[in-house]
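Have the sequence and the 3D view ready, and let's walk through a few spots together.

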Amino acid sequence: MHSTHTSEGDDASPPASGLWGWLNRRTGVDDLLRSALDEPIPGGARFAYVFGSGLLFIFISQVITGIFLALYYVPSADHAHTTVAYITKAVTGGSFLRSLHAYAASAMVVVLFLHLSQTYIYGSYKGRRELLWLSGCVLFGLVLAMAFTGYLLPWDQRAYFATAVGTNAASEIPWIGESLKRLMRGGTEMGTLTISRFFVAHVFFVPACIFALVAAHIFLFRKAGAAGPVSEDPYHPKQKVELFYPRQVLMDLSLTALLIIGLGLFCFFVPMQLGPPANPADAQYVPRPEWYYLPIFQWLKYWHGSAAIVGVLVIPTLLVLAILAVPFLDRNIERRPWKRPAAMGGYAFVVFMLLGLGLRSQYLDRHDPGVAQQLAKQNAEEEEYAHKPFEPELSSASLVAANVTLADPLAAKGKTIFEAQSCNACHGDGGVGTAAAPGLIGIGKKFSADQLAELFKHPTAKMKAGGMPPVDLPPDDLRALIAYVESLK
Amino acid sequence: MVEHAGHSEDTPHKPFSLESRRSFLAVLLGLGSFCVGTLLSVPLIRFALFPLLRRTTEVKESPVGALSDFSSLTEPMMRTLKIEQVDGWRKAVSEKVVYVTKDAEGQLRVLTSICPHLGCTVPWNKEKKQFVCPCHGATFAADGRRVSGPSLRGMDALETSIQDGQLLARFQYFRQLVADKEVIG
């Protein structure tokens, strides 16, 4: 907006010197900053407008903490839980960081709801702001998708079963439901492919969409301009303008500070827990979603059989379409809530329903003795697991040796001979091979027992050249040694 | 609110006083944000620098046995060590043969059975009262001293410690074919 001044230079203010001046001449950062900070707000700064930048702050914080968590996390059914346990129990600051990432997800849903409510109640979607509203709605969906996909990644009991139920709900959709469920899970059952899919969605796909849509959302917001207070005309603002900087910036920062302090204290004093690893065979487990999904969870309970299509598909689709269509349906320029009874009634109804369903779900859980007891037991198990010290995962190389000892006594005897005869000095422990001699794993497939016995007693010229001595053992010991070598897989 | 909206002039940043007030605040805000940012990055930095603050890869000390087992030692006693090698969030468990013996002063020593010549497993020979390597014939005394053969040094003793009456040893590999003991991992 002031570019003509600065680029031609210097009649309004003397040219900036030093590093800042140089940087500015090369980048025009000053203009950028000005156009960002000099956003005009009709009617002046207000605390009601702080939620958008609060969301942006949480999103950036999530990106940063997420990147750091990925330093130790491994997305596979074998390792996911171990690595999250390592983060929470072993790594310095790990419990705090994971808590921050998990609690900020909840905070994001809360602030998102406040942002949406403010926009709706203030009628700020009116006056050529349809795309702004639509991009916001899509962002809401994306944030819920982030919460859903991120929830599975620790692969503890709670995460596993909540996601099992969540993906199962998709199969209620007629015709495509079953395929949709398999697509999300990467198969008919929950497993390591499910983690891969959820991880990719959570870390690459959905965040990329969010970045793009946040950019679009901010662009559209600046293009349409701030709507101002409810008394303002949404098309042609007439009230006195105050610039975004400094007062609105300070107000926005105060929400940010509140979020930092609130989340920081929460993460420090009530860190997020990690339950015992997912056990798909646990038929007793009572799954419960995170609090923001409770209303949907409760809602789905009411719809079964042939009516399911109404509750699972028709009503939610209509509700989503109605929300998306708000700026198209409501063309009146009136923004004062008390003059918009239908709009406010609809809002109150939806909020009341969500709240009611969520509370109903809680109430039912508390008043069903069986469920309450099982939930208490699950919480106790979580608490108990959380206080156990970290136990590293046994690597597969160790398991080979362990399995042999268990499986076949002859092979176990062969293992002691293998070590006593120093075979492992060159062929490595468990026959994994070293620089001095090749590995022996899978050799049982290439040679029969008789061939192996022959090779042991009379090594080939090539083997001798490599330093392999003839094996001179009593027949029983030789049989045991061959059994062990054949067991190396 | 409206009365506070003070930028109604046509050129809002011309008045000098306003501009300087705004930039003073900007510096204050910048400084404040920087401080808060620094504070917030502390857990992140600690998280990322964890491998510098603690050991993330190590060979744990393995129990060899109770001290009382070795009090009346007359010749080297073979023991199988269970070695736990920690690698971040995973560990590998393997077994290695060691010999518990005494040196000239009667102190316990734990010898690895890996020959310092070319790495064969050296057994104790009861008849000869010596360690005799089956590969190239290196021989060592009961306390691990080199006696004869191609090895350039005696058998390698492991780092040991005593905890609650238990003898512990940290298993390590040593470079072969050199005269001085040198840890390789």
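## Before we dig in

This is a predicted model, where local features need pLDDT of at least 70, side-chain atom pairs count only at pLDDT 80 or more, and totals for chains, interfaces and linings use all residues. Residues are numbered from 1 along each chain as its sequence is written, while chains are lettered from A and ligands numbered from 1 in the order in which they are written.

## A three-stranded sheet in chain B

A quick word on terms: helices (H or I, at least four residues) and strands (E, at least two) are DSSP runs, numbered from the N terminus. Two strands pair if DSSP finds at least two bridges between them. In chain B, three strands make an open sheet in the order 2-11-10, with antiparallel pairing. Strand 2 (62-66) and strand 10 (159-163) of chain B stand at the edges with a single partner strand each, so one side of each has no neighbour in the sheet. On average, neighbouring strands here are turned by 30° against each other, direction ignored.

Gly65(B) sits opposite Leu167(B) in strand 11, and Thr160(B) faces Ala169(B) in strand 11. Strands 10 and 11 of chain B pair over five bridges, again in the antiparallel sense. Their hairpin has two residues between the strands, and Asp164(B) takes a positive phi near 50° there.

## Two helices crossing in chain A

Over in chain A, helix 18 (residues 409-420) and helix 23 (residues 475-487) pack at an angle of about 100°, with their axes 7 Å apart. Axes are lines fitted to C-alpha atoms, for helices over the stretch in contact, and angles run from 0 to 180 degrees between N-to-C directions. These two helices of chain A are therefore roughly perpendicular to each other, a label for angles of 65 to 115 degrees.

Who meets whom? Residues of helix 18 of chain A in the contact include Leu410(A), Ile417(A) and Phe418(A), and those of helix 23 of chain A include Leu481(A) and Tyr484(A). Contact here means C-beta atoms, placed from the backbone, within 7 Å.

The peptide bond from Tyr245(A) to Pro246(A) is cis, with omega near 10°. Pro246(A) belongs to helix 11 (residues 244-269) of chain A.

Arg128(A) has a positive phi of about 60° although it is not a glycine, and this residue is found in the loop between helix 6 (94-121) and helix 7 (130-152) of chain A. Arg128(A) is partly exposed, with 13 other C-beta atoms within 10 Å. Trp175(A), not a glycine either, also has a positive phi of about 60°. Trp175(A) lies in the loop between helix 8 (157-170) and helix 9 (177-185) of chain A, and counts as exposed with 9 C-beta neighbours inside 10 Å.

Note on methods:
Angles under 35 degrees count as roughly parallel, over 145 as roughly antiparallel, 65 to 115 as roughly perpendicular and the rest as oblique. Two residues are in contact if their C-beta atoms, placed from the backbone, lie within 7 Å. A residue is buried if 20 or more other C-beta atoms lie within 10 Å of its own, exposed if 12 or fewer, and partly exposed in between; C-beta atoms are placed from the backbone.
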